[in-house]
Amino acid sequence: MDSQFNVTYLTLDGHVEVQRYRYLYFVIMLTVYVLIICSNSTIVCIIALHRNLHEPMYMFIAALLINSVLYSTNIYPRLLIDFLSEKQIISYRACLFQNVMYMTFTFSEFLLLAAMSYDRYVSICKPLQYSTIMRKRTVNVCLVLSWLLPTCETAVGFILYSNSKLCIFTIRGIFCNNSIYNLQCVSSSALSVYGVLMLVNLSLLPLIFILFTYTRILIISYQNGREYRRKAAQTCLPHLLVLINFSCLFYLDVVIIRLGLNISKMTRLILTLQIVSYHSLFNPIIYGLKMKEISKRLKLLCRMKSH
């Protein structure tokens with residue numbers, strides 16, 4: 001506690017030998033951050049510049065990649081500063097804000113993936129009604145709600161937790177993840193229930209919806225010919241790969257924190273680095289390689305640069 005300004009500071013205790021390898025950590029994570037910005041931005045620009053890619057599926061992909069950039073920007077700059085600092089500390093309010101942004105962009109990813117699964121469901125299972133159902137207005141509403149709903153729900157959490165009395169001032173992590181909610185002196189049942197409801201509303205229900213839509217797509221695809229199945233797999237496989245990668249890492253982190261599992265600092269660091277890096281790097285690679293129209297334009301862009 002800084003008594004002069006009445007500011008509570010927290011120590012980020014998840015770093016491993018940061019004093020010894022600070023410059024190595026800094027260079028690696030800066031490189032990863034630059035790759036995330038460049039790879040995601042390149043595909044977003046390709047989608048924005050080509051009018052024939054202004055379709056619902058590609059608009060959702062662009063939104064997902066923008067969300068990845070925002071997610072990374074919430075974590076990486078602060079992480080880079082910590083690597084070069086003598087002490088890895090952060091004020092409680094700043095930490096709470098970072099956590100709110102982290103949860104907002106995480107939940108937005110689930111909702112965007114749910115919107116994408118619905119788009120694929122309508123395209124494959126109801127092709128004749130696709131243009132009627134997936135109108136521009138419908139897409140815009142889905143995009144706005146994907147960011148607005150998590151923002152509103154996490155903002156309530158910020159208000160509820162901002163005045164909580166703390167008895168623990170050390171976070172077992174390298175950024176302000178969900179372990180920030182284990183610092184309070186008294187565990188509030190109301191806050192715990194609210195956290196569970198938010199987790200169910202914004203991640204579990206969208207996940208169930210996604211699994212339901214892809215199950216329906218799978219059933220209908222196998223009732224039709226081989227060419228139909230090939231096209232369904234071509235458009236759905238990238239979304240499923242992104243979903244599996246993202247949801248597994250997220251829920252593993254939630255389980256470890258909620259159950260208070262005592263894992264080593266190195267294991268926790270590796271898991272955290274996967275959470276902050278994998279899906280942000282994984283998304284543009286998957287969509288760039290697996291989506292035919294995007295891949296074709298990426299190859300054309302590479303040829304133009306080589307000449």
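Where does Glu17 lie in this model?

1. The model is predicted. Glu17 is found in the loop that runs between strand 1 (9–12) and helix 1 (18–49). Its phi is positive, at about 50 degrees, although Glu17 is not a glycine.

2. Helix 3 covers residues 92–125, which makes 34 residues. From its first C-alpha to its last it reaches 49 Å, close to the expected 50 Å at 1.5 Å a residue. Most of helix 3 is covered, with 29 of the 34 residues buried.

3. A nonpolar patch on the surface is formed by Val141, Val144, Leu145, Leu148 and Leu149. Together these residues have about 400 Å² of accessible area. Leu149 belongs to helix 5 (residues 136–162). With a relative accessible area of 39%, Leu149 is partly exposed.

4. Three cavities of 30 Å³ or more turn up in a search of the whole structure. The largest cavity holds about 190 Å³ of space. It is lined by 17 residues, and those closest to its centre are Asn178, Tyr181, Gly195, Met198 and Arg258.

5. The lining of the largest cavity draws at least two residues from each of helix 3, helix 5, helix 6 (189–222) and helix 7 (226–258). Helix 6 gives the most, with six residues. Helix 3, mostly covered as noted in point 2, is thus among the helices that supply this lining.

Definitions and conventions. Residues are numbered from 1 along each chain as its sequence is written. This is a predicted model: local features need pLDDT of at least 70, side-chain atom pairs count only at pLDDT 80 or more; totals for chains, interfaces and linings use all residues. Side-chain values use heavy atoms; hydrogens and water are left out. Helices (H or I, at least four residues) and strands (E, at least two) are DSSP runs, numbered from the N terminus. The expected span of a helix is 1.5 Å times one less than its number of residues. Buried means under 20% relative accessible area, exposed over 50%, partly exposed in between (1.4 Å probe, protein chains only). Patches are made of residues with over 30% relative accessible area and no salt bridge: like charges are joined within 9 Å, nonpolar side chains (Val, Leu, Ile, Met, Phe, Trp, Tyr) within 5 Å. Accessible areas come from the Shrake-Rupley method with a 1.4 Å probe; for residues, only the protein chains shown count as cover. A salt bridge is a side-chain nitrogen of Lys or Arg within 4 Å of a carboxyl oxygen of Asp or Glu. On a 1 Å grid over the protein atoms alone, a cavity is a set of points where a 1.4 Å probe fits but cannot get out, and a pocket is an open set with protein on both sides within 12 Å along at least five of seven lines; lining residues have an atom within 4 Å of a point. Grid points are joined across faces, edges and corners, and a volume is the space filled by probe spheres set on the points.
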